[in-house]
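I opened the model to look up its core, one of its sheets and the contact between its chains. My entries follow.

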Amino acid sequence: MKSGKFVTTVGFEKLYNPALQFKDRDAFVEYMNEDQPVRPANIPNVMAINQGRMPLTMDEPRAPCVPVTDVSDLIGAGHIVVDTRSEVAFGSGHIPGSYNVQLASPEFEQRFGWVTPLDAPVILVAESEPDAQRALHALAFLGLDARVKGCVVDGIADWADRDRHLAILPQISVQELDSRLRGGEGMRVLDVRETSEWDAGHIEGAHYLNYKFLPEQIGQLELDPKDPISVVCGGGLRSSTACSILMQHGFEDLHNTTGGMTAWVAAGLPTSAA
Amino acid sequence: MMFRAVQIFALTRLKVMWFEQIVRRETGCATYVIGSSDSCECAVYDPLWDIEPYREAAAARASRIRYVIDSHSHADHVSGARRLAEATGAELVLPVLAEITYEATRVEGGDRIRMGEVEMEMVHTPGHRPEQLCLLITDHSRGEEPWCILTADFLHVGDLARPDLAQPGVEGAETFFDKAIPTLDSLPDFVEAYPGHVAGST
């Protein structure tokens, strides 16, 4: 339960905390184990660090700056690329196959932990060197910093040399999405938010899969990689993360919905609840 | 009357405990600094990896960080306890049941740590993790009854911590019911409770 309060009293909780109202032990045990969110995959690693079985980063983590021209060799050697820039910057050009997890997102390091494979060495793409350092600092809270082997901070334009191209991710406004849904062109919608957000209201006919589970459950999507798909979340950040994963799996006609459901609702467009 | 007011002011300035809740808003992790203005020492409870906020809180009160206490081996974030202890020379304190490979002073339910007017009693509240210790705090400059309890990953505002994060959930919930909740029930209603998470899922 998310509470807006940072302190309580023992007496108030005895009276009003739902979990403290049980007389029956079995009913309590059932209550405590229903609807718990899926556990993040890196929990065993965090526990191992805190118990001393894996190394703890004692000093501020560092990773060397690497020229973007080295990145294709690093990818060839098993590195993954995580682009920490905004969804807009990612949309207008990124290294093909990279993940987009925005440093500016409210849960940067958690999202990084959810969507990237735990054992792969990482190259970060950042807007600037201070941003790369901020990203490493945030990752240290979850013990993910040691996976970062290098940072690209001087822009990615040089990637386009030597017959390579930058990948793009088109952005779509909610008004345009609405009109294309009405136009009968076969535009699909994939909503990647939490179930509580989906239940509170979503676009009629949308498909649903939490972005956190995309890497494992992508095969369960009833969507064709050739379909035109607009991906939507709350504000346009998680959907860009989701699109970056879908692109890795061969989805060809993706659109990131600018402003997400916040913009959709603000534009007065209709939703249906669970 | 004037004299009395001055006297109380002097007494208060000398001895009353201080307390700071430090929340990392990105994750809702709540951590605590408990200080004695009598002994100019403080204890940090459940510090996160970035230890600067605790050093700043101690420096602002011209206090030495004497104890760094981890309530349990956290599963959802990296503890800053060892970093903080190393950086400040503070004593690292962990539950006797914590399965750790490094050196620390081990404490269990009923153990007390005293800094001037401040007394901190370890309260064993298993369920989220078998080793978890809450901190029941008494400020002897104000009264002999405890004033607050730091409930870490046991009691949250309007909820309990997950029993299934770092152990089997049925076993965890049964332990909450059998051990931790009766302990909570034994405390006076007026005791303030400060959780280890103020938002989020653990």
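I started with the largest nonpolar core, which has 125 residues. I took a nonpolar core as a set of buried Ala, Val, Leu, Ile, Met, Phe, Trp, Tyr and Cys residues joined through C-beta atoms within 7 Å. I called a residue buried if 20 or more other C-beta atoms lie within 10 Å of its own, with C-beta atoms placed from the backbone. The residues with the most contacts inside this core are A:Leu124, B:Ile34, B:Val68 and B:Leu135.

I note that this is a predicted model, in which local features need pLDDT of at least 70 and side-chain atom pairs count only at pLDDT 80 or more, while totals for chains, interfaces and linings use all residues. Residues are numbered from 1 along each chain as its sequence is written, and chains are lettered from A and ligands numbered from 1 in the order in which they are written.

I then listed the neighbours of B:Leu135, leaving out residues up to four places away in sequence: B:Tyr45, B:Ile69, B:Met120, B:Met122, B:Ile149 and B:Leu150. Contact here is C-beta atoms, placed from the backbone, within 7 Å.

Next I went through chain A. I found twelve helices and ten strands, taken as DSSP runs numbered from the N terminus (helices H or I, at least four residues; strands E, at least two). Buried residues are 40% of its 274 residues. The C-alpha trace spans about 70 × 55 × 30 Å along its principal axes.

I looked up the open sheet of five strands in chain A, with order 6-10-9-7-8 and parallel pairing. Strand 6 (171-172) and strand 8 (207-208) of chain A are its edges, each pairing on one side only. Two strands pair if DSSP finds at least two bridges between them. Strand 7 (residues 188-191) and strand 9 (residues 228-232) of chain A run parallel and are joined by four bridges; A:Val189 stands opposite A:Ser230 in strand 9 of chain A.

Last, I checked where the chains meet. I found 39 residues of chain A in contact with 50 residues of chain B. Helix 3 of chain A gives the most to the chain A side, with six residues. That side divides into 20 nonpolar, eleven polar and eight charged residues (Ala, Val, Leu, Ile, Met, Phe, Trp, Tyr, Cys and Pro count as nonpolar, Asp, Glu, Lys and Arg as charged, the others, Gly among them, as polar). Two bridges join strand 1 of chain A to strand 13 (residues 192-195) of chain B, running antiparallel. A:Thr9 stands opposite B:Glu192 there.

Terms used
Buried ≥ 20, exposed ≤ 12 C-beta atoms within 10 Å, placed from the backbone. Contact = placed C-beta atoms within 7 Å.
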